[in-house]
Amino acid sequence: YDLLERLDRGAFGVVFLAVDASVNRQFAVKVLRPDLSASPGYLDRVYKEAQQSNEARSPYVVSAFRVGRPPEFRYPCLVMDYVEGESLQRFLQRQRAGPLSGKDYRHAAVIVQQVAEGLHAVHEKGVLHRDIKPANLLLDLRGTVWVTDFGLAKLEDDRDLTNAGDILGTLRYMAPETFKDGADARSEVYSLGLTLYELLAFRPA
């Protein structure tokens with residue numbers, strides 16, 4: 001893969017636009033943070049989560065094709081679908097608060113429906129995203145929304161992913177029960193509800 005430009009930087013790595021000249025196709029390549037990828041078993045868990053989310057085969061979930069590991073790759077990375085567009089967060093930053101039209105309500109409803117269908121597909125495979133928020137939802141040029149950034153993803157039956165007492169996610173979008181009993185699929189519905197509020201109010205809840 002030839003890296004063309006940096007697309008974004010997140011808590012779990014840096015995302016680049018890349019091209020595979022052998023198939024003339026663009027991909028998004030997330031280079032994982034060295035301190036995380038050095039943790040015992042981290043890459044194995046990332047690979048397992050990528051497998052599970054890919055099995056969902058949802059048109060609203062970004063697929064991960066492979067986990068790059070040294071020495072084949074210089075740095076540990078995740079090769080994913082490239083979605084041309086922008087994050088829902090950036091879309092919201094360009095909007096102005098004011099009276100909403102019927103078109104605005106319909107657009108918000110379509111976005112939430114697509115995300116809900118994507119989440120349902122990965123939940124059926126036992127995967128929790130654990131950080132649903134506008135920054136992790138991509139809006140492509142056709143108006144389709146994609147769930148991305150499974151950096152915090154957790155397999156519901158994987159008790160070794162985090163240490164006891166760890167709370168992962170973005171506080172503003174986390175369900176209250178997450179702080180006491182941990183997250184489940186219902187917690188992600190709560191996060192999606194807060195995202196819907198932001199779509200309609202143009203400000204966080």
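Helices are DSSP runs of H or I with at least four residues, strands are runs of E with at least two, and both are numbered from the N terminus. By this reading, helix α5 covers residues 185-201. Just after α5, Phe202 takes a positive phi of about 60°. The model described here is predicted.

Helix α5 has 17 residues. From the first C-alpha to the last, α5 reaches 25 Å. This is close to the 24 Å expected at 1.5 Å a residue. The buried residues of α5 are Ser187, Glu188, Ser191, Leu192, Leu194, Thr195, Glu198 and Leu199. Seen down the axis of α5, these buried residues fall within an arc of 155°, so they line one face of the helix. Arg186 and Val189, on the other side of α5, are exposed. The buried residues of α5 pack against two helices, α3 (88-93) and α4 (102-124). They also pack against the strands β7 (127-128) and β8 (137-140).

Lys133 lies in the loop between β7 and β8. Is this lysine buried or exposed? The cut-off for buried is under 20% relative accessible area. Lys133 has 17% relative accessibility and therefore counts as buried.

Five strands form an open sheet with antiparallel pairing. Their order is β1-β2-β3-β5-β4. The edges are held by β1 (2-10) and β4 (64-68). Each edge strand has a single partner strand, so one side of each is left without a neighbour in the sheet. On average, neighbouring strands of this sheet are turned by 25° against each other, direction ignored. Strands of a sheet pair through backbone hydrogen bonds, either parallel or antiparallel.

Strand β3 stands between β2 and β5 in the strand order. Strand β2 (residues 13-20) pairs with β3 in the antiparallel sense over eight bridges. Within this pairing, Phe16 has Val29 of β3 as its bridge partner. The hairpin of β2 and β3 has four residues between the strands. In that hairpin, Asn24 takes a positive phi near 50°. Strand β3 (residues 25-32) also pairs with β5 (residues 77-81), again in the antiparallel sense, over five bridges. Here Phe27 stands opposite Asp81 in β5. Val31 stands opposite Cys77, also in β5.

How much of β3 is covered? The strand is mostly covered, with six of its eight residues buried. Helix α2 (residues 42-55) lies across β3, β4 and β5. This helix runs at about 170° to β4.

Leu32 is found in strand β3. At 6% relative accessibility, Leu32 counts as buried. Which residues does Leu32 touch? Its contacts, not counting residues up to four places away in sequence, are Phe12, Gly13, Ser37, Tyr42, Leu43, Pro76 and Cys77. Tyr75 lies 43 residues from Leu32 along the chain. The C-alpha atoms of Leu32 and Tyr75 are separated by 7.5 Å.

Technical notes: Residues are numbered from 1 along each chain as its sequence is written. This is a predicted model: local features need pLDDT of at least 70, side-chain atom pairs count only at pLDDT 80 or more; totals for chains, interfaces and linings use all residues. Side-chain values use heavy atoms; hydrogens and water are left out. Two strands pair if DSSP finds at least two bridges between them. Axes are lines fitted to C-alpha atoms, for helices over the stretch in contact, and angles run from 0 to 180 degrees between N-to-C directions. Contact means heavy atoms within 4.5 Å. The expected span of a helix is 1.5 Å times one less than its number of residues. Buried means under 20% relative accessible area, exposed over 50%, partly exposed in between (1.4 Å probe, protein chains only). The arc is that of the directions from the helix axis to the C-beta atoms.
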